[in-house]
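Please look over this entry before reading on. My notes follow as numbered points.

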Amino acid sequence: MSEKKPNLLGGLREKLVRRKEAWAKEGRLLTGERADPARDRLPPGQREVSNWPVLDLGVQPSVAPEKWHLRIDGQVAEPLAWDMDAFLAQPQVESVSDIHCVTSWSRYDNSWKGVSARHLLSVVRPLPQARFVLFHSFDGYTTNVSLADFDDDDVLLAHSWEGKPLAREHGGPVRVVLPKRYFWKSAKWVCRIEFLAEDRPGFWEERGYHNEGDPWEEERYG
Ligand SMILES: Nc1nc2c(c(=O)[nH]1)N[C@H]1C(S)=C(S)[C@@H](COP(=O)(O)O)O[C@H]1N2
Ligand SMILES: [Mo]
């Protein structure tokens, strides 16, 4: 079960990463405004799209459902390792949420199905010192959130979108969906969730992107 490691010197990936690093340095798209999710549907500087753009590092790992596996470990009382059958045997939830990508597109009313973060937390039981969560993916990508951000009723590990299995380019078989943060926090092809006492920045967080990434506060870069 080798996790495909990204080739960090690969041409396409390198260019993509450089461009997005440059955006962070320039503060591209920043409006300096805020919005109130209770009143506004669109966060500042965003525009609604009806298609669903694909954004990643240019490597889309092909993970067959039978080969998919998830590990949850670190600062938890009950670490776990699940294959797809074990994952699908958990209580399933459906939820509808909006996507806000830091490159300025937002997509409304995405319907997801999968296993809720709240259920995962009840199974692994984070230890008192656990305060952060780091997602790891099959393409080598990582991204971090606070435990408080993960522990929300709209957060899930999704295997389906609009009633169909989640497509490979969008992170299938299983991705994270964390609607209250920019979409780079929603790890595609997730394989490991690590609970930490100390925060550890992920791929974009190390490259000029904001640690928390709240779209309503326009936390694009940090
Ligand atoms: N594993 C992995 N997850 C990832 C990424 C990635 O490169 N690898 N890109 C992130 C970024 S920057 C965005 S905007 C969203 C895009 O998801 P989508 O391609 O389904 O729109 O996935 C996020 N999750
Ligand atoms: Mo993104």
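**Notes on salt bridges and the ligand site**

1. Aspartate 73 and arginine 71 form a salt bridge, with the closest N and O atoms 2.8 Å apart. A salt bridge here is a side-chain nitrogen of Lys or Arg within 4 Å of a carboxyl oxygen of Asp or Glu. Aspartate 73 is buried, at 12% relative accessible area. Arginine 71 is partly exposed, at 40%. Buried means under 20% relative accessible area, exposed over 50%, and partly exposed in between (1.4 Å probe, protein chains only).

2. On provenance: this is a predicted model, where local features need pLDDT of at least 70, side-chain atom pairs count only at pLDDT 80 or more, and totals for chains, interfaces and linings use all residues. Residues are numbered from 1 along each chain as its sequence is written, chains are lettered from A and ligands numbered from 1 in the order in which they are written, and side-chain values use heavy atoms, leaving out hydrogens and water.

3. How many salt bridges does a search of the whole structure find? The search returns 19. One joins the side chains of aspartate 40 and arginine 39, at 3.4 Å from N to O. Aspartate 40 is partly exposed at 26% relative accessibility, and arginine 39 is exposed at 64%. Another links aspartate 151 with arginine 118, at 2.5 Å from N to O.

4. Now the ligand. Which residues come nearest to ligand 1? They are Pro53, Asp139, His170, Arg175 and Lys188, out of 22 residues around ligand 1. A residue is near if one of its heavy atoms lies within 4 Å. The shell divides into 13 nonpolar, 3 polar and 6 charged residues.

5. Check the polar contacts (pairs of N or O atoms within 3.5 Å). A polar side-chain atom of lysine 188 lies 2.5 Å from a ligand 1 oxygen. Histidine 170 places a side-chain N or O atom 2.7 Å from an oxygen of ligand 1. Taken alone, ligand 1 exposes 540 Å², and the protein buries 99% of that. These areas come from the Shrake-Rupley method with a 1.4 Å probe.

Terms used. A polar contact is a pair of N or O atoms within 3.5 Å; within protein, one must be able to donate a hydrogen and the other to accept it, and residues adjacent in sequence count only if both atoms are side-chain atoms. Ala, Val, Leu, Ile, Met, Phe, Trp, Tyr, Cys and Pro count as nonpolar, Asp, Glu, Lys and Arg as charged, and the others, Gly among them, as polar.
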